Every structure is written in structure tokens, then in C-alpha cells.
Amino acid sequence: MLKKYFGKGFSYFMLILCGLIMVVPFIWMVSTSLKSQTTVNKGSVGFIPIEFVNYYIHDGKKEHCEIVAKEENLTVINIYDKDGKTFRESYVKVPSEEIKSSKRIKFHWDNYVEAFTKVPFGRYFLNTLIVSFSVLIGVLITSSLAAYAFARMRFKGRDFIFYLFISMMMVPQPIYLIPSYFLLTKLDWINTYQALIVPWIANIFSIFLLRQQFKTIPQDLFDAAVIDGCSQFGILWRVVLPISKPILATTAIFSLIGSWNSFMWPLVMTSSDNLRVLQVGLSYFAQEASSSTSLLMAASTFSIAPLLILFLFAQRQIISSFVTSGLKG
Amino acid sequence: MRTKKNYFPFGYILPAFLIVFAFRLIPIVLSFIISFFKWTIHGPEQFIGFQNYLKLFQDPGFWQSLLNTFYLVIFVVPSTLILSLFFANLLNRTKKLSSLFRTTYFIPTVTSLVAISILWKLIFSPQGGLMNHMLSFFGIHGLDWLSEPRGIFTLLFGSMGIDIPKALGGPSLALFAIIIVSVWRSLGYNTIIYLAGLQNIPEVYYEAAEIDGASKWRQFFKITVPLISPTTFYVLIMTTITTFQVFSQVYLMTGPPIGGPLGTTKVIVYYIFETGFGESQNLSYASAIALVLFIIILSLTLLQKQLEKKVQY
């Protein structure tokens, strides 16, 4: 009995430990994003954004200040203005006992505003949205059509084309990156939305997933539809797609996650600032603002937030999609 | 009864086929052709046969990137396999909170590698990074994670006062940091995949073994491990393929332009990127490297498939 509970206790301990290892980096990211850069630079590593504040207390008035230097009984200070950022008075010598310091917890939400406006993140979000949703619509159309033909139609070369597709799925992206760059240059597509959208509107994996699903639909349903005078396209549109909603949702989720997080392709195919998608924008921001760590963490936080929220709302669906597709693929 | 014959199936396939043809098939064929030419961004200049491939053999940069990639694979794949099977087993035995655990473990999977790399770069930072802060509780101080070119074994044995040959130094600490991030990222997904596999094993096997008096360990090695082997091969193949293609972590945590301290994190895809799109813009040489990578991945996958056939239960 004791052994059993010990085992249970150990399981939970390990599982919680692993869970912490998974989320603590993200919590730390958010907490760093809420600290002021001065606090971060002073080596604050903790999870709660605590900062030390110095006050100059004089004539019963309390003013926020910064210590510049200390002499025997005197301290040289800069007194902050009311906004807390600029100095009202600089290099004032005051008696040391009039300086008090205290800890306070302050969340610097303004880091988010600053990071968002420092480089055009709004534009990057817009670009990512345009690309993600165009790709999504394209993938749903091309995959449903192709999967339907592969699953329910008989024609010469069907299996050959299907296996050609499947074998192409096995080829990793770095292999076709270089020739694609050359091709897109020849098409004059470098630095265009087409370059980010068109090559991705056919997704072999989605075709594969949908074909597996369409194959499981009973033949009777098709026969009935034909007797009712339904055309092939009518069957697809009125019968097949409505009963395949879960797998279409799965396809959509994969497509969205894939486009949202895609990095290497847009990095290579675009260089203009106007076409930067979120991930590329974020990577450039990481190089430009490498010393502003709290801004960087703020930018990382808001760039993962939309997908994370989508995930938390649809986590059951998303996890089971990954599992079924993993086991099928 | 068959449906009417007068439909036009190619019309249904055409949209997908055109895209796949133009943006997959042509580039793949083209990458072969490019690798045999002197080929710039303006097009082919001169047929040079196998020169690019011969150049590979004498290129220390290529060998270094290959070695770095092998280190990555050798460390990431087994640790991912073992850890995810371990946690899947724990998760399979617990009822309470199990969906909370699954959600938590999955978060890194849906997070972009760019954000993750930026975050971990800061975690590994010697100034105010979380990693060194945590390690300081264990008495380990001042590791210069992402700019340390010395191998982890060199450092480990060095701290005990033993000097080991440079060849046995192992991956640099900087590459080891990337290994940690890669395992961390893939752990949750593979745990969930394993969990699904474990849930497919019928409970009766364990009940029978229990009656026969088999210990938990024996049950694990005689029932779980053999019956889970299809999942193991799936995880093995997928993790190998993705680990061979690691790019973002290296690019964002230790590059550009260097690819880590003394190039010790320069993995093969980073090297392809650097050769093709860096200063030299040597498309044909980059294509040759990419094809070698493809052949390596393909042969490893086929090897693992062969192995899978042999150990089928």
C-alpha cells in the first residue's frame, strides 16, 4: 500500500517538475517583459518585477530620484520629473539621511506599447494575417478537391500521382529552398505576397489527411446522392464536406500554425520591410534591440499570444489533431 | 452501382498538382541540375560536373557542420525518446490533472521557434539569465553558455582536473545549449504521441502479467516496450528528420553571422543558408550540400524502416 502511494507521489512530482520546466521559461519571459530595463540591467532575475526606488524626502515632500554618487555625508542625485522618466533637476547634492530607498512592485505595461511601436509590428501582424488566411483558404480548396479525386474517383495514373505527392512530402524544406529562390527570382516574385502565399496553397499533408477521411465515408451515401441527381461536385460540396468538418478544422489548424510560425521561407524570399511577416520582423527586432531585453521579451510575448490563445481555447481539438495526424502520417 | 463516368477527375487534382509541380517537383529536380553547374542568381554559367561534390570533401566548414549536426542528432534523438516515453508512462498512470499536464506539455509545440530561440538566448545569457541563476543554487557559477567553444566533456573533465583530447571534447557548450532547447521543444509533442500509443495497449495484457506475478519493470520491458515499438519508430524517424533540419535556434541564438563560438553551432542547414544566401551566394555549392543532407536523411529513414520490419511484433 505504502509503495503504491509512494509511486503515485513520485509520478506527480515528476509530472509537475516537467510541467514547470515547460512553462517556467514562458512565465519568466512575461515577467521580464514587465520589468524596466534598468531593473533588468541591475541583474534582477526573479519572477516578480520588483524594483528599488530611491526617494528624496525634503520638507515633507517625497520625490523619486536616482543616486549618481555618494560623498561622505552628501549624496549626489538626479530628481525625476512627475512622469518618472526625465529629470527635473540634475546633480543635486543633498544630505544622505534625506535619501530613503524602498522596494516596490511595478508592472511596466508600457514596454508592450514601446516594443509594438518601435518597429512596425502592426504591419508585421497584418502581413502574417494576410499570408496565413490566404494560405488557409487556398489549402482548404485545393486539398478538398484533390483529396476527393484521390479518394473517390477512378482514373488512370491516380495512384502514381498520389505516391508522387507523398514522396514529395518527404523532401525537407532546405532542399528546395535554393532552387525555389532562383525560380522566384526569375518570376520576379521576390519581395511579393505571392512568394509567401502561392507555393504554400497546396499542402500535400492536408491532401493525405482528407483523403484518409473521405475514404471512410460509406458508399451508400454516394449512391443515394447520385440517385437524387447530385453531380460529383455537388456530392463533394453537399455531402462530403459537411460530414468532414472535424478533419477540415484539423487541416485549418495545422495550416494556421504552420503559416504563423513559418520563418526560413519568408526570411529568404523577402527583404523589404513592408513585407516582413511577424516571425521575420521579430528576428530582426532581436538583432536591432538585443540590449533592450525587456522590450524583446514583450515583443516575443505578443507575437506568440494569438496562437497560444487559440491553443488554449481549442486545446483538446488541437492535441488530438496532432495525435491522429502523427499516427496516420 | 458506380457513379456517372462523365466527370473530369483531373480538374479536381489540377490546382494542387500545378502548385506541387511548380513549387516542389521542379525545384527538387532543379536542385540536382544546379549542383552540377556553376550557377548564379542569373542562371547557369558553366557545367562543372562533380566539382561541387569533390569540393565538399575538402571543405572543413562542411565537415564541421556535419559533425555539429551529428552531435545534435546523437544527443537530441535518444534523450527525446527516453524522456517522452518516461513521461508518457507517468501520464498514463495518472487520472487527476492529466489534461492540465497535457496542455502544459504541449505549449512549446505550438510556439514559434523564433520566439522560443529569443527567449532561450536570454535564459542562457551570463548577465541576468535564468539558467545560471538556477545553477548557482547548485554551486555552478559563471557558465558562458552561448559563447563557449570548448566541448562539454572537456569542461566536465576539466573541472575535475583531467585533460582529455580535443577530439573527445564533444559538442561545445553553445551547441549543448541548442540541444537542450531542441529536446525541450520536442518533448511535449512526443510525450503525447507516446501516450496515445500506450493507451492503445489492451489492459488485459497487464492484468495477465500481474496474475503471473511479473514485476512492473518486467511488464514495462516485456509488454510496453515491444507493443509500443511502432510509436517508437515514428518518434525516432520524425525526431531524426527534424533534428537534421535545425536552423532557427542556431540562427537566432548563436548567429548570424558566425554560427556560434568558432563555428561550433554551425549545423548543416545553417551552412546551406550561409553558402546560398550569405555573402558568397553560391547557389550551386549550397544545392550540392542540400542534396548530401537529403541523401543522409533518406538513407537514415530507410535504415530505420528496415529495422522496424525486423523488430515487428
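In this predicted model, the second largest pocket has a lining of 41 residues. Nearest its centre lie Asn89(B), Arg93(B), Lys216(B), Trp217(B) and Phe220(B).

- The volume of the second largest pocket comes to about 1,600 Å³.
- Chain A takes part in the lining through helix H1 (2–33), which supplies at least two residues.
- On chain B, helix H3 (60–93), helix H8 (173–199), helix H9 (203–211), helix H10 (216–227) and helix H11 (229–244) also supply at least two lining residues each.
- Sorted by kind, the lining of this pocket has 21 nonpolar, 11 polar and 9 charged residues.

**Where chain B and chain A meet**

- On the chain B side, 88 residues are in contact with 97 residues of chain A.
- The size of an interface is often given as the accessible area lost when the parts come together.
- For chain B and chain A, the buried area is about 8,500 Å², and carbon and sulfur atoms give 82% of that area.
- Helix H1 (residues 9–35) of chain B brings 19 residues, the largest share of the side of chain B that touches chain A.
- That side of chain B divides into 62 nonpolar, 20 polar and 6 charged residues.

**Polar links across the interface**

- How many salt bridges are counted between chain B and chain A? The count is 0.
- Polar contacts are found across the interface of chain B and chain A, in 11 residue pairs with both residues at pLDDT 80 or more.

How values were computed. Residues are numbered from 1 along each chain as its sequence is written. Chains are lettered from A and ligands numbered from 1 in the order in which they are written. This is a predicted model: local features need pLDDT of at least 70, side-chain atom pairs count only at pLDDT 80 or more; totals for chains, interfaces and linings use all residues. Side-chain values use heavy atoms; hydrogens and water are left out. Contact means heavy atoms within 4.5 Å. Buried area is the accessible area (1.4 Å probe) that two parts lose on being put together, summed over both. A salt bridge is a side-chain nitrogen of Lys or Arg within 4 Å of a carboxyl oxygen of Asp or Glu. A polar contact is a pair of N or O atoms within 3.5 Å; within protein, one must be able to donate a hydrogen and the other to accept it, and residues adjacent in sequence count only if both atoms are side-chain atoms. Helices (H or I, at least four residues) and strands (E, at least two) are DSSP runs, numbered from the N terminus. Ala, Val, Leu, Ile, Met, Phe, Trp, Tyr, Cys and Pro count as nonpolar, Asp, Glu, Lys and Arg as charged, and the others, Gly among them, as polar. On a 1 Å grid over the protein atoms alone, a cavity is a set of points where a 1.4 Å probe fits but cannot get out, and a pocket is an open set with protein on both sides within 12 Å along at least five of seven lines; lining residues have an atom within 4 Å of a point. Grid points are joined across faces, edges and corners, and a volume is the space filled by probe spheres set on the points.
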